[in-house]
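Work through the exercises below with the sequence and the model side by side, and try each task before reading its solution.

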Amino acid sequence: MPNAHKHEEPVTSLVGKATLAAPTWVFISRHQPALFLNGETIPLASDREYVIGRDPETCNIVINDEGVSRKHAVIYARGGRFFIKDYGSMNGTVVNRERIGSPLGLLPGDEIGVSTQKFLFVLHDQILSSSSGPATQKQSHFSGLLRALRIPELIQLLNGTQQTGMLTIEDLDGEPGRAFFEKGEIISARYRGRKDEEAVYSMVGITDGHFEFLNENTTPPPKTIESRTMPLLLEACRRADEGITDTRSQAEKHVAAAG
């Protein structure tokens with residue numbers, strides 16, 4: 001089983017919020033496994049182990065939280081796949097809302113819970129410019145499976161970390177949908193011929209498929225959704241729970257029945 005390497009420098013230190021050291025070199029990755037947390041991404045290398053916990057001497061992902069054990073869990077690669085293992089921590093490690101009891105292979109989109117901290121395991125594309133060189137545009141892309149991460153949780157994640165960019169989903173029928181975010185708020189959406197709020201209501205009901213999020217410094221589309229994202233999401237979840245998928249389709253059914 002993997003052991004912590006004390007000589008490895010910390011990837012990040014979490015003190016209420018994740019922080020990353022400023023890059024000192026150009027980094028380019030394509031579909032690289034990564035952790036997404038608090039609006040930042042941590043690329044994962046297959047030749048390293050990522051120990052999560054409170055102890056900065058033995059951990060390279062440090063979480064300053066009393067609910068986290070000094071040496072809580074580890075993420076590591078074996079045979080081309082990444083796994084997570086709990087170190088017998090007091091409060092345990094959760095993947096997709098279920099506590100793990102043995103090493104578990106990770107899928108893109110898996111949500112990892114360590115105390116109150118949430119990590120998202122994703123496939124990531126990123127270009128970072130050197131901090132000592134000329135400023136260039138930063139682009140960040142990550143993707144995953146919707147059966148691992150539900151759309152309501154994905155929207156909450158993007159909202160809570162105030163992301164700006166485009167979320168693209170594809171359901172099992174191959175139908176695409178798009179939602180544009182500006183500082184965490186959905187400003188426009190399209191899915192199966194529906195627009196804006198109605199599109200969000202329908203997208204929340206998708207239980208399987210694929211998602212991608214592209215974060216880039218480009219001009220966003222015109223804002224056509226006036227509702228704040230969290231109330232909009234709550235209404236979408238209410239409709240999904242009650243089996244209401246589209247108010248227009250419901251009305252059309254009544255008209256057809258009357259005719």
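**Exercise 1. Describe how β15 and β16 are joined and paired.**

Solution. β15 and β16 form a hairpin with 4 residues between them, and Gly174 in the turn has a positive phi of about 80 degrees. Strands here are DSSP runs of E with at least two residues, numbered from the N terminus, and two of them pair if DSSP finds at least two bridges between them. By that rule β15 (residues 165-171) pairs with β16 in the antiparallel sense over 6 bridges, and Leu167 has Ala179 of β16 as its bridge partner. This is a predicted model in which local features need pLDDT of at least 70, side-chain atom pairs count only at pLDDT 80 or more, and totals for chains, interfaces and linings use all residues. Residues are numbered from 1 along each chain as its sequence is written, and side-chain values use heavy atoms, with hydrogens and water left out.

**Exercise 2. Sort the side chains of β16 by face.**

Solution. In a regular strand the side chains alternate between the two faces of the sheet. Along β16, Gly177, Ala179 and Phe181 point to one face and are buried, where buried means under 20% relative accessible area with a 1.4 Å probe, protein chains only.

Definitions and conventions
Buried means under 20% relative accessible area, exposed over 50%, partly exposed in between (1.4 Å probe, protein chains only).
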